[in-house]
Amino acid sequence: MQTTSSTPRTTPRQNSPQRIQPNAADKEDSATEESSYTLPSDPFPEGGFQAWCTVAGATIVQFCGFGLYTTSYGVYQGQCIHFYRRDYLTQSSSSAISWIGSINVFILVSGGLICGRLFDRGYFRHLVYGGIFIQCFSLFMLSLCQREQYYQIFLAQGLGIGIGAAMLYLPSIAVISHYFHKRRRALAMTIVASGSSLGAAINPIMLNNTLHRMGFANAVRASAGLITGLLLIASLLMRTRLPPPERRQAVLESLPRFARDLPYVLAVIGMTFYQIGFYFLLFYLQLDSISHGNSETFSFYSLVIMNAASFVGRLSPGFFAHRFGVLNMITFSAGAGGILVLCMIALGSLASVVVIAVLFGYSVGVFVTLMAPLFAVLTDDMGELGLRMGVGFGVVGLGCLIGPPINGALLTSNNIWWRPAVFSGIMALIGFSFLLSTIIVVRRKSRIAKETELVEKGEKREV
């Protein structure tokens with residue numbers, strides 16, 4: 001993001017801090033007033049010990065939240081032959097079991113609309129400590145859940161862990177902007193985003209080796225103990241640096257303006273449709289591989305392969321986004337992901353599982369990493385970026401909510417795999433088409449702006 005020449009400069013540390021206030025023209029042009037901050041002498045250090053400690057803490061949060069028990073939910077879904085469908089929830093359908101994971105993802109993603117507002121009001125520490133307590137408490141409660149008690153697992157893993165992770169997710173990302181602005185923000189955000197893929201790759205290995213040896217309860221307790229320790233370390237590493245804004249935007253007044261922003265609307269719709277489709281592989285790749293005759297040991301590690309590729313995919317935008325563009329990269333990854341979901345129809349051999357897992361994992365890594373930067377690209381006024389992200393993720397979360405249960409209903413107890421594959425692939429490609437439309441609208445808007453600028457320059461020369 002480029003700062004304009006009108007950006008106020010801060011005074012040295014020995015002087016009183018300068019307050020940035022919106023001028024009268026800004027108040028008249030905008031439906032809401034831009035936030036004002038009291039900035040320290042060095043607004044964005046672009047590094048330093050505390051900055052990188054905060055990056056490390058945020059990475060740990062992503063590792064424990066989005067990685068261990070959200071992205072890797074397929075461990076439970078894939079192993080439901082032994083636990084959720086044959087042992088723990090034998091009377092529950094695949095669709096019902098999928099609701100546990102989809103509710104978890106929905107709360108985590110959509111919770112940013114509430115948690116983001118609390119973060120803006122200065123409740124960072126409250127969110128962090130509250131999120132740690134709720135997430136860790138829910139994990140230990142999950143270990144106490146009894147067989148056939150669907151509501152217990154739903155409350156612990158679906159609602160409890162989802163709420164706790166949501167309280168940590170957006171604040172751990174937003175706090176990075178307190179230290180990085182231009183030069184190293186892409187690098188810092190890439191490192192933080194890679195934490196979830198790393199956690200999703202490690203958690204299946206840990207659970208696959210402990211569930212059989214220690215049993216469900218002790219395996220979950222071991223995982224809960226690890227997450228509790230890591231999150232406490234993360235809470236000590238992360239620090240806010242900037243004070244909360246003195247004036248805040250009104251959500252209801254901003255929504256009509258967001259709705260008139262066509263590129264923003266198209267992008268949100270596109271990401272929502274893509275979210276409906278792409279969780280099919282995350283939740284069902286393991287079970288699909290087992291049902292096609294592949295060994296259980298290999299199938300259990302198919303998620304590890306996919307999330308390892310996703311880890312590489314999350315690192316890639318930091319090196320290529322400035323060259324190819326955020327919007328172009330996320331659109332390409334959505335199109336590739338939609339095609340790969342349709343390829344699940346042909347899944348059968350070990351080679352097909354590996355190829356689909358690697359390619360899809362990489363494309364998903366690119367897509368997920370670029371979701372937040374895409375909102376920044378489509379935002380003209382950076383003062384409303386947080387609100388735009390919160391509203392956008394709130395809508396996108398609906399795709400996470402309805403996709404997996406529909407896939408489970410289409411799968412049925414007879415494991416008819418082509419039905420959910422076709423549905424998910426079509427939804428993902430619809431999302432790709434909306435993102436492609438966003439590119440067209442953005443380029444047209446840019447071309448019109450350039451033509452208008454040339455006309456204005458010509459008129460000035462004539463005068």
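Author: Start with the lining of the second largest pocket: 9 residues are nonpolar, 3 are polar and none is charged. Here Ala, Val, Leu, Ile, Met, Phe, Trp, Tyr, Cys and Pro count as nonpolar, Asp, Glu, Lys and Arg as charged, and the others, Gly among them, as polar. This is a predicted model, where local features need pLDDT of at least 70 and side-chain atom pairs count only at pLDDT 80 or more, while totals for chains, interfaces and linings use all residues. Residues are numbered from 1 along each chain as its sequence is written, and side-chain values use heavy atoms, with hydrogens and water left out.

A pocket is an open set of points on a 1 Å grid over the protein atoms alone, with protein on both sides within 12 Å along at least five of seven lines; a lining residue has an atom within 4 Å of a point. The second largest pocket holds about 250 Å³ of space. Volume means the space filled by probe spheres set on the points, which are joined across faces, edges and corners. Its lining consists of Phe 320, Phe 324, Asn 328, Met 329, Phe 332, Ser 333, Ala 336, Leu 340, Leu 359, Tyr 362, Ser 363 and Val 366. Helix 14 (317-324), helix 15 (326-342) and helix 16 (350-377) each give two or more of these residues. Helix 15 gives the most, with 6. Helices are DSSP runs (H or I, at least four residues), numbered from the N terminus.

A cavity is a set of grid points where a 1.4 Å probe fits but cannot get out. The whole structure has 2 cavities of 30 Å³ or more. The second largest cavity holds about 40 Å³. Val 61, Gln 62, Gly 65, Phe 66, Gln 135, Ala 165, Leu 168 and Tyr 169 line it. Helix 2 (49-67) and helix 8 (150-174) each supply at least two of the lining residues. Helix 2 gives the most, with 4. By class, this lining has 5 nonpolar, 3 polar and no charged residues.

Next, a charged pair. The count comes to 1 salt bridge, meaning a side-chain nitrogen of Lys or Arg within 4 Å of a carboxyl oxygen of Asp or Glu. Arg 388 pairs with Asp 261, and their closest N and O atoms are 3.0 Å apart. Arg 388 lies in helix 17 and Asp 261 in the loop between helix 10 (251-259) and helix 11 (262-291), so the pair ties together parts that are 127 residues apart in sequence. Both Arg 388 and Asp 261 are buried. Buried means under 20% relative accessible area, exposed over 50%, and partly exposed in between (1.4 Å probe, protein chains only).

Phe 216, in helix 9 (residues 185-237), is buried as well, at 4% relative accessibility. Phe 216 and Tyr 88 are 128 residues apart in sequence, yet 9.3 Å apart in space, C-alpha to C-alpha.

Finally, the surface. Phe 133, Phe 137, Phe 140, Met 141 and Leu 144 make a nonpolar patch of about 480 Å². Patch residues have over 30% relative accessible area and no salt bridge; nonpolar side chains (Val, Leu, Ile, Met, Phe, Trp, Tyr) are joined within 5 Å, like charges within 9 Å. Areas come from the Shrake-Rupley method with a 1.4 Å probe; for residues, only the protein chains shown count as cover. Phe 140 belongs to helix 7 (residues 124-143) and is partly exposed, at 32%.
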